[in-house]
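Subject: Structure handover

Hi,

Here is the structure I promised to pass on to you. Have a look at it first, and then read my notes below.

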Amino acid sequence: MHYVYDISLADIDRSKILPRLRESDTFGLLWEASQRDLIHWPGAAFNEHEELPTSYAPASDDLRGRLNSILPIFCPNLNCMQAKCPTHECLYPVYDAEKPKVTSISMLLSEGDPCGEECFRYHVDDSYADTVNWEGPDSDILAVILATTADLFPCLLAILCHKPCREVFVMRSRLFPDHRIQDVVDEPIERLRKKKFFKDAAKLGSSNVNPYVPVPPCHHKGPCDSRSCHCYENSLHCSRNCRCDLSCQRRWKGCTCHRGTKSCQKDTCKCLRSGRECD
Ligand SMILES: [Zn+2]
Ligand SMILES: [Zn+2]
Ligand SMILES: [Zn+2]
Ligand SMILES: [Zn+2]
Ligand SMILES: [Zn+2]
Ligand SMILES: [Zn+2]
């Protein structure tokens, strides 16, 4: 149908005559057909047509697609940092679009050392900003990175984007103008003031060494103070890999054994005592 009548694969699916051509990485009519070892027969039908697509891997320049395809299987535990780790078998959530909380002006006023001669911490005036004009893939890459980590400082973004820090700062402030960031900031602070959240989190203080239960990291809208958060629901600490804010009151505060020259010992390390990996 595709080659003879020029019907697109999407239209063939829409007609619902055949089973779906592609359901997932490992399921669907096209995938199943590609798993058969057909003998290459001279003169066999359709030999002159190119093969139907069987790989749905994102294109090499599709950063968003590549991130979304690797993130669910990439184990972010510091002891692993690899895809399909055999120790922690769970699917990790993809990153949601994150709203920026740090304004350009507060980045400029923040303390920190310049990353180099072209750091945004040196004066960036309007005439300099007018000279910055990114187009095409460069600005797409920045938009994808900022969509997942909206408040990453330009010094680090510059490394990821292979661009001068000052230029990254200008482009970020165009994507996230300060007046739009201010609106977002006030809202979660109000929610965090709810006493219930703190009362409940206090019960889970870091002295509490409930045995660690390996559950997938939580991933939901809003703070971890409602039934939508399974850490809250199961009275567990949030873990390093949870997708809540870093300031989440439920988060497990790791041990400090490594601050000295000590290593983690079973009787003194609270991570070991509760059966957690230190990270
Ligand atoms: Zn792992
Ligand atoms: Zn910098
Ligand atoms: Zn949560
Ligand atoms: Zn959590
Ligand atoms: Zn949390
Ligand atoms: Zn420790």
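Are Cys75 and His88 buried or exposed? Cys75 is buried, and His88 is buried too. Please keep in mind that this is a predicted model.

Both residues belong to a metal site. The zinc ion (ligand 1) is held by Cys75 (SG), Cys80 (SG), Cys85 (SG) and His88 (ND1), at distances of 2.1 to 2.4 Å. Along the chain, these donors are spaced C-x4-C-x4-C-x2-H. Cys75 sits in strand β1 (residues 74-75) and His88 in the loop between β2 (82-83) and α4 (104-109), so this pair ties together parts that are 13 residues apart in sequence. The arrangement around the zinc ion (ligand 1) is tetrahedral because its four donor atoms subtend angles of 99 to 120°.

There is a further site to look at. Cys218, in the loop between α10 (195-203) and α11 (230-233), and Cys231, in helix α11, link distant parts of the chain, 13 residues apart. Cys218 and Cys231 are buried.

Enjoy exploring it!

Best wishes

Methods: Residues are numbered from 1 along each chain as its sequence is written. Chains are lettered from A and ligands numbered from 1 in the order in which they are written. This is a predicted model: local features need pLDDT of at least 70, side-chain atom pairs count only at pLDDT 80 or more; totals for chains, interfaces and linings use all residues. Side-chain values use heavy atoms; hydrogens and water are left out. Helices (H or I, at least four residues) and strands (E, at least two) are DSSP runs, numbered from the N terminus. Buried means under 20% relative accessible area, exposed over 50%, partly exposed in between (1.4 Å probe, protein chains only). Donors are N, O and S atoms within 2.8 Å of the metal (3.2 Å for Na, K and Ca); water is not among the atoms, so sites may look incomplete. Four donors count as tetrahedral if all angles lie between 85 and 135 degrees; four count as square planar and six as octahedral if opposite donors are over 155 degrees apart and all others between 65 and 115; anything else is irregular.
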